[in-house]
Amino acid sequence: MSDNIDIGNGLRLTEIRIWPTRDAHVSRVKAMATLTFNDTLRVNQCRIIEGAKGFFLSYPSQQKLGSNDWIPLCFPVNRSVSDAIQTAVIAAYTTALEMHA
């Protein structure tokens, strides 16, 4: 799904790609997403997760060796930008579901 969404602070979300998971009915992870910013930076392995309060976007992370801790690889540090990205991605996910229904 190609978009050009202004998310603030000079950032544009120029592409959102959504891949629903195979077992979405039994997993909290409902889809994977790839996000492209300003046609120059791509973030892979984002997850759309169904939580107790609804859907949320999870950014890529890596498990720390020898530990149960996870280290975030990237994430927005500005709350309003984070909210704008999450809103756009969840809307794209909802649209993708409607197209495949």
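Contact means heavy atoms within 4.5 Å. The legends below describe a predicted model, in which local features need pLDDT of at least 70 and side-chain atom pairs count only at pLDDT 80 or more, while totals for chains, interfaces and linings use all residues. Residues are numbered from 1 along each chain as its sequence is written, and side-chain values use heavy atoms, with hydrogens and water left out.

View 1. Leaving aside neighbours within four places in sequence, I18 is in contact with A31, M32, A33, I48, V89, A92, Y93 and A96. A nonpolar core is a set of buried Ala, Val, Leu, Ile, Met, Phe, Trp, Tyr and Cys residues joined through side-chain atoms within 4.5 Å. Buried means under 20% relative accessible area, exposed over 50%, and partly exposed in between (1.4 Å probe, protein chains only). The largest such core has 21 residues, and I18, L35, I85 and V89 touch the most other members. At least two residues of this core come from each of β2 (11–20), β3 (29–37), β4 (41–51) and α1 (79–100). The most, 8 residues, come from α1. Helices (H or I, at least four residues) and strands (E, at least two) are DSSP runs, numbered from the N terminus.

**View 2. The pairing of β4 with β5.** Strand β5 covers residues 54–58 and pairs with β4 in the antiparallel sense over 5 bridges. Two strands pair if DSSP finds at least two bridges between them. R47 stands opposite S58 in β5. The link from β4 to β5 is a hairpin of 2 residues.

**View 3. N4 in strand β1.** N4 belongs to strand β1, residues 2–8. N4 counts as exposed because its relative accessibility is 54%. Not counting residues up to four places away in sequence, N4 touches R12, L13 and T14. Between the C-alpha atoms of N4 and L73, which are 69 residues apart along the chain, the separation is 24 Å.

**View 4. K64 in a loop.** The loop between β6 (61–63) and β7 (70–72) contains K64. With a relative accessible area of 44%, K64 is partly exposed. Not counting residues up to four places away in sequence, K64 touches D69 and I71.
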